[in-house]
Amino acid sequence: MSDTTAGRLPGLPVTFRPGRTRAVLLTAGVALFVVITLIALLLEQLGPGERISFVFTAALLAGVLFLLARPKVVADETGVTVVNIVSRRRLEWAEILQVNLRPGDPWVFLDLSDGTSLPALGIQPGIARQRAVADARALRALTEARSTAGPEAPRS
């Protein structure tokens with residue numbers, strides 16, 4: 001993501017996602033699937049049904065890890081798409097009042113114009129805190145620039 005400390009906004013579209021966490025989860029999911037499948041194939045006393053259940057269980061566990069790696073926040077000219085573990089929500093820039101990442105928060109929260117708050121799991125300080133803070137600042141700067149520009153502002 002581009003650095004906003006010099007007053008520059010990141011170019012749109014931009015995708016924010018927890019890269020290290022995602023890499024760990026995807027690697028663990030593939031490794032888990034391969035190891036359990038190999039165990040099922042190498043254990044000679046297992047019947048075909050038991051082997052299939054091992055592979056099915058491995059696929060189920062890997063699928064859960066892949067779902068946990070899914071979160072992202074995509075900002076484009078017209079708004080923001082928040083993709084969480086099992087949900088996706090599209091927001092117009094004007095709907096986002098504030099972008100919050102307070103000390104101790106597990107991820108960014110978006111305060112919305114309807115009075116609710118939406119967690120954005122795509123920016124989380126778990127493994128890479130500095131990256132998450134920079135991403136939250138970039139999204140905050142984009143939100144402030146886009147929501148105050150109004151609908152008649154020229155688009156770049």
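The model is a predicted one.

Start with charge pairing. Side chains of opposite charge can pair when their charged atoms come close. The structure holds five salt bridges. Three of them are followed here, beginning at the loop between β2 and β3.

Among the five salt bridges is the one between R90 and D76, with N and O 2.8 Å apart. This pair ties together distant parts of the chain. R90 lies in strand β4, residues 88–92. D76 sits in the loop between β2 (72–75) and β3 (79–83). How accessible are they? R90 has a relative accessibility of 34%, so it counts as partly exposed. D76 stands at 22%. Buried would require under 20%, so D76 is partly exposed too.

E77 carries the next bridge. Its partner is R146, and the closest N and O atoms are 3.1 Å apart. Again, distant parts of the chain are linked: R146 belongs to helix α3 (residues 129–149), while E77 is in the loop between β2 and β3. Here the separation is 69 residues. E77 has a relative accessible area of 23% and is therefore partly exposed.

Strand β4 returns in the bridge between D114 and R89. Their closest N and O atoms are 3.8 Å apart. The cut-off for a salt bridge is within 4 Å, so this distance qualifies. R89 is in strand β4, and D114 is in the loop between β6 (108–112) and β7 (117–120). These residues are 25 apart, and they too link distant parts of the chain. R89 is partly exposed because its relative accessibility is 31%.

Now move to the segment before β1. P13 is found there, with β1 itself spanning 14–16. The peptide bond joining L12 and P13 is cis, with omega about 0 degrees.

Which residues make the nonpolar patch? They are V30, F33, V34, L38, L41, L42 and F66, and the patch covers about 640 Å². Helix α1, residues 19–42, gives the largest share, with six residues. F66 is placed in helix α2, which runs over residues 48–68.

Definitions and conventions
Residues are numbered from 1 along each chain as its sequence is written. This is a predicted model: local features need pLDDT of at least 70, side-chain atom pairs count only at pLDDT 80 or more; totals for chains, interfaces and linings use all residues. Side-chain values use heavy atoms; hydrogens and water are left out. A salt bridge is a side-chain nitrogen of Lys or Arg within 4 Å of a carboxyl oxygen of Asp or Glu. Helices (H or I, at least four residues) and strands (E, at least two) are DSSP runs, numbered from the N terminus. Buried means under 20% relative accessible area, exposed over 50%, partly exposed in between (1.4 Å probe, protein chains only). Patches are made of residues with over 30% relative accessible area and no salt bridge: like charges are joined within 9 Å, nonpolar side chains (Val, Leu, Ile, Met, Phe, Trp, Tyr) within 5 Å. Accessible areas come from the Shrake-Rupley method with a 1.4 Å probe; for residues, only the protein chains shown count as cover.
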